[in-house]
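Reader: Hello! I am new to reading protein models, and I would like to go through one with you. Could you show it to me?

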Amino acid sequence: MPDRDTNSSMNSHDDTYKCSLGSDDFILVEEIVSGRKTSTVETVQGICFCVKQKVCRTVAMKNVRRRVPILNWLPCYSVQDGLGDIMSGVTVGLTVIPQSMAYAGLAGLPPQYGLYGSFLGTFIYTFVGSCKDVPMGPTAIVSLMTYSTLHGYGPEYATLLCFLTGVIQLAMGVCGLGIIIDFVSGPVSSGFTSAVALLIIASQIKDLIGVHGTGSSLWEMMCSLYRDIDTISYGDTVIGVGCIVFLLVLRVIAEVRIGPADPGQQSCVQKYTNKSFWLIGSIRNSIIVISCTVMSYMFISAQDESFTPPYKIIGTIPAGLPEFRLPQFTMQRNNETVGFFDIMSTMKSNVVVLPLIGLLENISICKAFANGKTVDATQELLAIGLCNIGNSFVQSFPGSGSFSRSAVNNASGVRTPLGGLYTSILVIVALLFLTPYFYYIPKTCLAAVIITAVVFMVEVRVVKPIYRSKKSDLIPGMFTFFACLFLPLEIGVLFGIGLNLTSILYHAARPKISIQEYKTRAGFKYLMLTPDRCLVFPSADYVRNLVTKHSLKRDMPVVIDCSHVYGADFTAAKVIEMLTKDFSDRGQALFFYNLKPSVVDVFRGVKPKELVFYYNKKELDRLLQKSTEQRHTMLQPLLQKK
């Protein structure tokens, strides 16, 4: 082991390139501190210089390109890019129109609000989004969270929730809090997604069979369906089940391939047929909705004006684009004005949980289609925050990136985020010209679209790999799954994340310590204790108790190997002070090996009685010799008395 001077000289020759990333609280930092105190003027000048540097870095072109990604790819945009974006944008548009109306119903809102949330946010993401495959808009998970937040209060509350969601996401992005997503583990995410998928399916059964159901948890939904089972509509049930069967068949058709597996070896007919199969499967939602709408229109038109169809239909949808205006911050409820803070208290913790869920969903999509590239969570926070703020001005509810539409977008050959522009145009065309025909869409058809979209979100396939990898990771995943099913959704999410953080804190509070007895070349025995991580306040007392316990059990000098201790805090320093005092009082030697200079400074801040540390193993013989002599001197009077 080289000594300190050797390490210092080695470091002094390696100053050509320096890079520091992440938190520096627990890394080795060697500083030369002058004894002169810094004046107030110098402190103010230093602060001004730091602020100036921060502003310069913010407005630097490199940072602007990072925060406005369109500046990177637009200058080299080609005709091939345009053709790929048009094809994918139109395909996603044919998918998003029926899906968005269905997700609006899932959120407890009229279907037009799903369309309102599918054009402006998608257009904004074109400029600030970092992932080409993400089409912004309503999603199943966020729609269900919106439903559980609104408590049936109506579209004005949903629009305000969309604005607040965007503001929180934007503020988190500005503060660089994208790191929060790193604290949600894979098992917790899978448990949440699977539970939400089952909740969505349960919530859509009522529309599938034409009954009136309520409830936000699985138990409430099942009880409500059981009470209303006598009012089942056979017309809705037949149409809904038929739509599910056809959607699943079309999904299978999308995976059918004829000819050789290698596209380069396929004939033109085989390539055309395979692309046709894929296109039919990709726009299956539009095919089913259009088919049901046409048949419903023909059936109702052939009857008298007083005729009531044996199934529920969407009804009248306002034509045209929504009014562009600021969300309302006060509402009228039961002829009383409800203030902003009363509205916030009604929405409760969902105002904070929903933005995190939207970010989690969006980041998961970006990672799935990143192809090895890094994903900037902070940039995605800024992007979806701006999109939700924009959507709130056109009376939409919160949205995020959609897994199903992203898969269609990627498979369609999207080249840049500009594909979202063509999706937005198609949605605007639908709002301007097609809303009279939406009147005849059966509600059960939209329920079938949602069920077939989310049934594959139940992540059963991840259980076996988690079990094989680390069985204990199943605990937070299963806990999150059942908590989200039987408790309010936001409570289940918070419980899952809390359990995950508790696991992290437990490992931080209980470092692994190896304990071994050694003998030096000079014949001195000593006890070596080696903690495997930093000494911070959750673990300080635990380490002290272990050191005390084993030092009393073996009456010999103790060495604490601090090779893995890269940081410490005040609480740890106080514990070390008490530890050194205890050892000193009973005349037992305590040494610290390879203690980092930054940690030494923390320990010395509390002025411990005897802090003895060394860096060269050769020094240990000298220290042990000295401690043996001191102890012999202390015991000499006692031996003489005896």
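Reader: Which strands does helix α25 (residues 570-585) lie across, and at what angle does the helix run to β8?

Author: Happy to start there! This is a predicted model, so local features need pLDDT of at least 70 and side-chain atom pairs pLDDT 80 or more, while totals for chains, interfaces and linings use all residues. Residues are numbered from 1 along each chain as its sequence is written, and side-chain values use heavy atoms, leaving out hydrogens and water. Helix α25 lies across β7 and β8, running to β8 at about 135°.

Reader: How are helices, strands and those angles defined?

Author: Helices (H or I, at least four residues) and strands (E, at least two) are DSSP runs, numbered from the N terminus. Axes are lines fitted to C-alpha atoms, for helices over the stretch in contact, and the angles between N-to-C directions run from 0 to 180 degrees.

Reader: What is the order of the strands in the open sheet?

Author: Strands of a sheet pair through backbone hydrogen bonds, either parallel or antiparallel. Here two strands pair if DSSP finds at least two bridges between them. The sheet is open, has 5 strands and shows mixed pairing, in the order β5-β6-β7-β8-β9.

Reader: Which are the edge strands?

Author: An edge strand here pairs on one side only. The two are β5 and β9 (613-614).

Reader: How many bridges join β5 (residues 513-519) to β6 (residues 525-531)?

Author: These strands form a hairpin with 5 residues between them, and Gly-523 in the turn has a positive phi of about 95°. Glu-517 has Leu-527 in β6 as its bridge partner. The two strands run antiparallel, and the number of bridges is 7.

Reader: Which residue in β9 stands opposite Phe-592?

Author: Strand β8 (residues 590-593) runs parallel to β9, joined by 2 bridges. Opposite Phe-592 stands Phe-613.

Reader: How far apart are the axes of α12 (residues 234-255) and α20 (residues 443-454)?

Author: Two packed helices are described by the angle between their axes and the distance between the axes. For α12 and α20 the angle is about 40° and the distance is 8 Å.

Reader: Which residues in α20 does α12 meet?

Author: Contact means heavy atoms within 4.5 Å. From α12 come Asp-236, Ile-239, Gly-240, Cys-243, Ile-244, Leu-247 and Leu-248, and they meet, in α20, Thr-444, Cys-445, Ala-448, Val-449, Ile-451 and Thr-452.

Reader: Is Thr-122 buried or exposed?

Author: Thr-122 is found in helix α7 (residues 120-128). Leaving aside residues up to four places away in sequence, Thr-122 touches Met-136, Gly-420, Thr-423 and Ser-424. Buried means under 20% relative accessible area, exposed over 50%, and partly exposed in between (1.4 Å probe, protein chains only). The relative accessible area of Thr-122 is 3%, so Thr-122 is buried.

Reader: What is the phi of Gln-395?

Author: Gln-395 lies in the loop between α17 (377-392) and β4 (400-401). Most residues other than glycine have a negative phi. Gln-395 has a positive value, near 65°.

Reader: Where does Asn-594 lie?

Author: Asn-594 also has a positive phi, near 60°. At 15% relative accessibility, Asn-594 counts as buried. Its place is the loop between β8 and α26 (597-604).

Reader: How many disulfides does the structure hold?

Author: A disulfide is a pair of cysteine sulfur atoms within 2.5 Å. By that cut-off, the number of disulfides in the structure is 0.
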